[in-house]
Amino acid sequence: MTDVLGLPDQNDVRMRDGLIAGSEPILAEAYDTYGPLVYGMALHVTRDRGAAEDITQDVFVDLWRRPERYDPERSPLRSWLLLIARRRAIDCIRRRDARESARLAMVDPPPTLLEDDVLASTAHKRVRKAVADLPSTHRQAILLAYYRGLTYRQVAQALGIPEGTAKWRLRNALHRIGAQLRAEGFGDRLEYE
């Protein structure tokens, strides 16, 4: 950090000089001071604790191996470390997305019969109708859980209701949808019970 005269923070200069000299206590100090912030940034971007831990380790290993890359006259050490962590977290997400896309591209979908397509389309329409026929409180819970991917705890939080109420609404809604689909002749095709 620079002071009012634009001079670098002396603590950042001391840490950089110590790292260049190979001082392990200085590395430990840097990690203790900035490690939680770096981890928090990586976790915020990746939403993956394991990836955030790896990124945090990589940032500090890189700081240890190449401390000369940090220039205290250009930015505070805190800002520089957070910038590096953010960039690595974004790279991690891009690599993960690319691997998933490649994996999905390698999987050939099985050939379908026209009859299967028609049946799936009909089932989809009937499920949508069954969801639309639910009471609004149940429909909200189902839409949040199944179409937005929220857990029952997140559904409870989003709707401002107790967790037990959210669980009950979801379970009751599934039973109602199942009963309606069975009544329409889809009973032998239901797998959730």
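Me: Is Tyr70 buried or exposed?
Reply: In this predicted model, local features need pLDDT of at least 70 and side-chain atom pairs count only at pLDDT 80 or more, while totals for chains, interfaces and linings use all residues. Residues are numbered from 1 along each chain as its sequence is written, and side-chain values use heavy atoms, with hydrogens and water left out. The relative accessible area of Tyr70 is 1%, and with a 1.4 Å probe and protein chains only, a value under 20% is buried, over 50% exposed and in between partly exposed. Tyr70 is therefore buried.

Me: How many aromatic pairs does a search of the whole structure find?
Reply: Rings of Phe, Tyr and Trp (for Trp, the six-membered ring) pair if their centres lie within 6.5 Å. Searching the whole structure, the number of aromatic pairs found is two.

Me: What kind of pair do the rings of Tyr31 and Phe60 form?
Reply: Tyr31 in helix H2 and Phe60 in helix H3 are 29 residues apart, so that their pair links distant parts of the chain, a helix being a DSSP run (H or I) of at least four residues, numbered from the N terminus. Tyr31 is partly exposed at 40% relative accessible area, whereas Phe60, at 4%, is buried. Planes under 30 degrees apart count as stacked, over 60 as edge-to-face and the rest as tilted. Since the ring centres of Tyr31 and Phe60 are 5.0 Å apart and the planes stand at 70°, the pair is edge-to-face.

Me: What kind of pair do the rings of Tyr70 and Trp80 form?
Reply: Tyr70 is in the loop between H3 and H4, and Trp80, ten residues apart from it, is in helix H4. Trp80 counts as buried, with a relative accessibility of 12%. The ring centres lie 5.4 Å apart and the planes are at 50°, so the pair is tilted.

Me: Which residues is Leu63 in contact with, leaving aside neighbours within four places in sequence?
Reply: Contact means heavy atoms within 4.5 Å. With those neighbours left aside, Leu63 is in contact with Leu19, Ala30, Leu77, Trp80 and Leu81.

Key: Helix = DSSP H or I, 4+ residues; strand = E, 2+ residues; numbered from the N terminus.
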